[in-house]
Amino acid sequence: MALSRRVGIISGAKYKGGGPMLAWVLHRISGLGIIIFVATHVIAAFLTQQLGSDLGISINIIYESLYFQLFIVFCAIFHGVNGFRIILLDIWPRLIRYQKESTWVEWFVILPLYGLTAFIMIRRFLAE
Amino acid sequence: MRSRVIPKPSWNLEYLMWIFTRLSGLSLFLLVVIGISAGLLMGARNQMDLGTLMRWAFFQNPNHVINSEIPDLYLWSNGFWQVTQILVIFFAATHGFNGLRVVIEDYTTPGFWQAFLRFLIFLLWISSSLVGIYVILGS
């Protein structure tokens, strides 16, 4: 019984994975977001510091925008908290039974943390 | 009910990187905690805003705090912080590019293109780590 790996978008969306699957998808998306941000940030720092080029400054302007920062802060907080949940479940495999509940606990941590951070950031951007 | 028989893991790349991902994740948490607590001890409470302290927490580079109200960079720019920055770059780049490799291997089949992409990720990992360390030592 071979596992079919050719899964389309529609059949993938019908799969009812629930909270753990959402966490898995968001973990990948947030990880990719962080890779893109950190890589461009390192390149921009190198270009401005060593070469004094305008390209580094124009990359800086992109990630100084509020939307980009709200996205990257969500990526960092989600990836961190979800990664911590995964580490806890790996250290104590018995807890796998409560995997679905663990994603609820995770959102109870993430939503206040992200909400407060976003509130502070938006208030600051509006004040400027 | 009998318990599952789990085969003894062999020390291949997948197993090593699986362990490394967990350990580097915990290490990055530790480095952030060190950055925040040392920053607060060095006077961040009165001399910088929350955003600046957070930038310092994620990466302890003097350029991240230069625009705040700290009197000078004496405490914020020395060998200790260069070591923590190199650790952050090493853990984050290895963790991140290994994650990218896992994602790409999920959506490709073994063959020429997968090997090519793996090689490309290896080059990106080496080059971004070296560029990062160069920036750290030069700032």
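User: What covers the buried residues of α4(B)?

Analyst: The cover includes α2 of chain A together with α3 of chain B. In α4(B), the buried ones are B:S128, B:G132, B:V135 and B:I136. Keep in mind that this is a predicted model, where local features need pLDDT of at least 70, side-chain atom pairs count only at pLDDT 80 or more, and totals for chains, interfaces and linings use all residues. Residues are numbered from 1 along each chain as its sequence is written, with chains lettered from A and ligands numbered from 1 in the order in which they are written.

User: How many residues does α4(B) have, and how far does it reach?

Analyst: A helix here is a DSSP run of H or I of at least four residues, a strand is a run of E of at least two, and both are numbered from the N terminus. The expected span is 1.5 Å times one less than the number of residues. α4(B) has 27 residues and spans 39 Å from its first C-alpha to its last, close to the expected 39 Å.

User: Which residues have the most contacts inside the largest nonpolar core?

Analyst: Nonpolar side chains tend to be buried together in soluble globular proteins. A core here joins buried Ala, Val, Leu, Ile, Met, Phe, Trp, Tyr and Cys residues through C-beta atoms within 7 Å. The largest has 20 residues, and A:V38, B:V88, B:I89 and B:A92 have the most contacts inside it. Two or more residues come from each of α2 (18-51) and α4 (66-91) of chain A, and α3 (79-107) and α4 (112-138) of chain B. Another core of eight residues lies apart from it, with B:A44, B:W56, B:A57 and B:V65 among them.

User: What does B:V88 touch, leaving aside neighbours within four places in sequence?

Analyst: Contact means backbone-placed C-beta atoms within 7 Å. B:V88 meets B:L28, B:L31 and B:F59.

User: And how many residues does each chain give to the contact between A and B?

Analyst: Chain B gives 15 residues and chain A gives 15 residues. On the chain B side, α1 (13-47), α3 and α4 each supply two or more.

User: Which elements make up chain A, and in what order?

Analyst: Chain A has five helices and zero strands, running α-α-α-α-α from the N terminus. Its C-alpha atoms fill a box of roughly 60 × 35 × 30 Å along the principal axes. Buried residues make up 12% of its 128 residues.

How values were computed:
Buried ≥ 20, exposed ≤ 12 C-beta atoms within 10 Å, placed from the backbone. Contact = placed C-beta atoms within 7 Å.
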